[in-house]
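Here is a walk through one protein model, taken piece by piece. Keep the structure open and follow along.

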Amino acid sequence: MRRLALLGLALCASAQAATTITIATVNNPDMVTMQRLTPEFTKKYPDINVKWVVLPENELRQKVTLDVASNAGSYDILTIGSYEVPIWARNGWLDPLTPLFQKNPNIAASYRVNDLLPAVRSALTVNNQLYAVPFYAESSMTFYNKDLFGKAGLTMPQNPTWQQVQGFASKIHNPSQGVYGICLRGLPGWGENMAFITTMVNTFGGRWFDQNWQAQLNTPAWKNALTFYVDTLKKYGPPGATSNGFTENLTLMSQGKCGMWVDATVAAGFLSDPASSKIVKSVGFANAPVGPGTPRGSNWFWSWNLAIPRSTKNEDAAFRFLTWATSPEYIGLVARTKGTWAAVPPGTRTSTYNNPNYKRAAGAFSGLVLSAINRADVTRPTKDPVPYTGIQYVSIPQFQALGTQVGQYMAGALSGQTSVDQALKQGQDAANRVAKEGGFQK
């Protein structure tokens with residue numbers, strides 16, 4: 001009898017050890033850090049193994065969307081953005097996390113959901129149910145190289161305009177020395193070049209659709225913004241800009257190759273990390289540039305989040321991982337591992353911004369980041385009213401394909417394959433087609 005009991009325990013232990021969760025994530029530096037720190041999770045939960053699928057942003061989106069839409073169940077945890085969470089939750093593709101917190105009161109007590117920044121928590125909540133937890137959240141801002149500015153006799157204002165930024169770029173640009181005036185996203189993709197271009201269009205006074213879902217890409221605001229973007233990058237950007245997304249520009253900026261870079265606030269920590277940046281002592285921070293139309297929509301809002309697809313067969317193990325990886329405990333672990341609080345995942349928790357160590361390490365940018373996140377209003381993203389939410393995207397399921405398609409047209413204009421006018425006509429036609437076929441236009 002005792003042997004049978006021992007055999008039963010052994011089988012039970014074996015079954016627990018066999019629990020493997022598969023996590024799909026993006027190859028951003030913060031996510032790579034999460035992957036590297038996984039042994040700390042398995043020390044805490046030795047009955048859970050973790051398998052990683054790490055992909056470039058565009059490829060990740062394609063794979064996980066196909067997987068959850070077909071209920072294939074390839075992944076137990078998904079890394080998805082604030083754009084996808086409400087749409088996927090309403091589609092029934094995600095497990096609500098609120099019942100899981102109620103089922104696990106010890107985890108709920110240490111996790112402290114109310115510590116999540118209200119704007120971030122709200123973006124991930126549908127019908128009073130939390131559907132994802134934030135790994136990091138961000139707005140956009142301007143990074144600049146103070147050494148290059150000093151050599152050129154320039155001073156970056158805290159609230160620059162796009163015209164000022166272009167003027168600074170012209171004076172810093174020195175390609176023969178491997179220095180470019182400005183680096184901006186050119187890689188096609190709704191979450192790559194279109195995230196950036198849409199915020200520029202917003203602040204030039206444009207919008208994707210009017211209140212009747214008529215596309216607005218043929219308006220002067222779009223033409224002025226896209227012409228400005230193409231001219232600036234062609235004259236003062238690095239070669240091959242259509243291949244540069246967030247990661248590529250981060251590398252260029254961190255190696256001292258860019259005079260300026262306008263992109264996600266999450267990069268502030270990476271540029272301040274001596275392990276990955278050569279400009280730790282010379283990097284400067286300012287608000288995202290404002291165009292001639294309106295300050296509204298010049299800052300984007302985004303969060304990368306962990307969610308559990310409905311198709312998972314390992315819900316409990318998945319819940320334990322995602323609450324570990326987004327907890328205050330994990331944030332402290334990153335600080336200890338990296339040797340600096342400036343490198344922790346930002347934009348998610350009030351306690352991070354109240355932490356004296358974080359204030360000391362990230363004081364050069366933490367206030368700008370927090371105010372940018374709080375200023376970004378996804379419900380009023382443009383000068384004129386719109387029928388959608390989202391600053392750098394349009395909150396309809398079809399935008400993932402539309403934004404990427406239009407991003408290819410914009411990249412065509414940047415590379416010189418097409419003109420700005422041709423790219424905007426292609427985008428206008430595509431947007432109107434989506435609005436009609438989606439039943440938005442009445």
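Start with helix 12, where L226, Y229, V230, L233 and K234 meet M410, A413 and L414 of helix 20. The model is a predicted one. Helix 12 spans residues 220-236, and helix 20 covers residues 399-415. Their axes lie 9 Å apart, and the packing angle is about 45°. That angle makes helix 12 oblique to helix 20. The crossing of the two is right-handed.

Helix 12 has another partner. Helix 10 (residues 162-172) brings its axis within 10 Å of that of helix 12, and the two cross at roughly 15°. Helix 10 and helix 12 are therefore roughly parallel to each other, since angles under 35 degrees count as roughly parallel. Helix 10 contributes W162, Q163, Q166, A169 and S170 to the contact, and helix 12 contributes F228, T232 and Y236. This crossing, of helix 10 past helix 12, is left-handed. An α-helix has 3.6 residues a turn, so residues three or four places apart point the same way. Look at the contact again with that in mind: F228, T232 and Y236 of helix 12 are among the residues that make it.

Now move to another helix pair. Helix 2 (residues 29-36) packs against helix 16 (residues 328-338) at an angle of about 90°, and their axes are 11 Å apart. Helix 2 and helix 16 are therefore roughly perpendicular to each other. D30, T33 and M34 of helix 2 make the contact with Y330, V334 and K338 of helix 16.

What else covers helix 16? First, the residues concerned: Y330, I331, G332, L333, V334 and A335 of helix 16 are buried. Their cover includes helix 2, helix 3 (38-44), strand 6 (133-138), helix 15 and helix 17 (350-354). Just after helix 16 comes G339, with a positive phi of about 80°.

Helix 15, part of that cover, runs over residues 315-325 and is itself mostly covered. Eight of its eleven residues are buried. They are A317, A318, F319, F321, L322, T323, W324 and A325.

Three strands form an open sheet in the order 8-7-9, with antiparallel pairing. Strand 8 and strand 9 (283-287) are the edge strands, each pairing on one side only. Neighbouring strands of this sheet are turned by 30° against each other on average, direction ignored. Strands of a sheet pair through backbone hydrogen bonds, either parallel or antiparallel. Strand 7 (residues 140-145) and strand 8 pair over five bridges, in the antiparallel sense. Follow that pairing residue by residue. Y144 stands opposite M260 of strand 8, and F143 stands opposite W261 of strand 8. Helix 13 packs on the sheet and touches strand 7 and strand 8. The direction of helix 13 makes about 140° with that of strand 8.

Two loop residues complete the tour. Q255 lies in the loop between helix 13 (246-254) and strand 8. Q255 is partly exposed, at a relative accessible area of 32%. Beyond its neighbours within four places in sequence, Q255 contacts S276 and K278. The side chains of Q255 and K278 are joined by a polar contact of 3.2 Å. Q255 and L271 are 16 residues apart along the chain, and their C-alpha atoms are separated by 9.4 Å.

S277 sits in the loop between helix 14 (267-271) and strand 9. Is S277 buried or exposed? S277 is buried, because its relative accessible area is 7% and buried means under 20%. Not counting residues up to four places away in sequence, S277 touches S254, F270 and L271. A polar atom of the S277 side chain lies 3.1 Å from the backbone nitrogen of I279.

Definitions and conventions. Residues are numbered from 1 along each chain as its sequence is written. This is a predicted model: local features need pLDDT of at least 70, side-chain atom pairs count only at pLDDT 80 or more; totals for chains, interfaces and linings use all residues. Side-chain values use heavy atoms; hydrogens and water are left out. Two strands pair if DSSP finds at least two bridges between them. Helices (H or I, at least four residues) and strands (E, at least two) are DSSP runs, numbered from the N terminus. Buried means under 20% relative accessible area, exposed over 50%, partly exposed in between (1.4 Å probe, protein chains only). Contact means heavy atoms within 4.5 Å. A polar contact is a pair of N or O atoms within 3.5 Å; within protein, one must be able to donate a hydrogen and the other to accept it, and residues adjacent in sequence count only if both atoms are side-chain atoms. Axes are lines fitted to C-alpha atoms, for helices over the stretch in contact, and angles run from 0 to 180 degrees between N-to-C directions. Angles under 35 degrees count as roughly parallel, over 145 as roughly antiparallel, 65 to 115 as roughly perpendicular and the rest as oblique. A crossing is left-handed if the near helix is turned anticlockwise from the far one by less than a right angle, and right-handed if clockwise.
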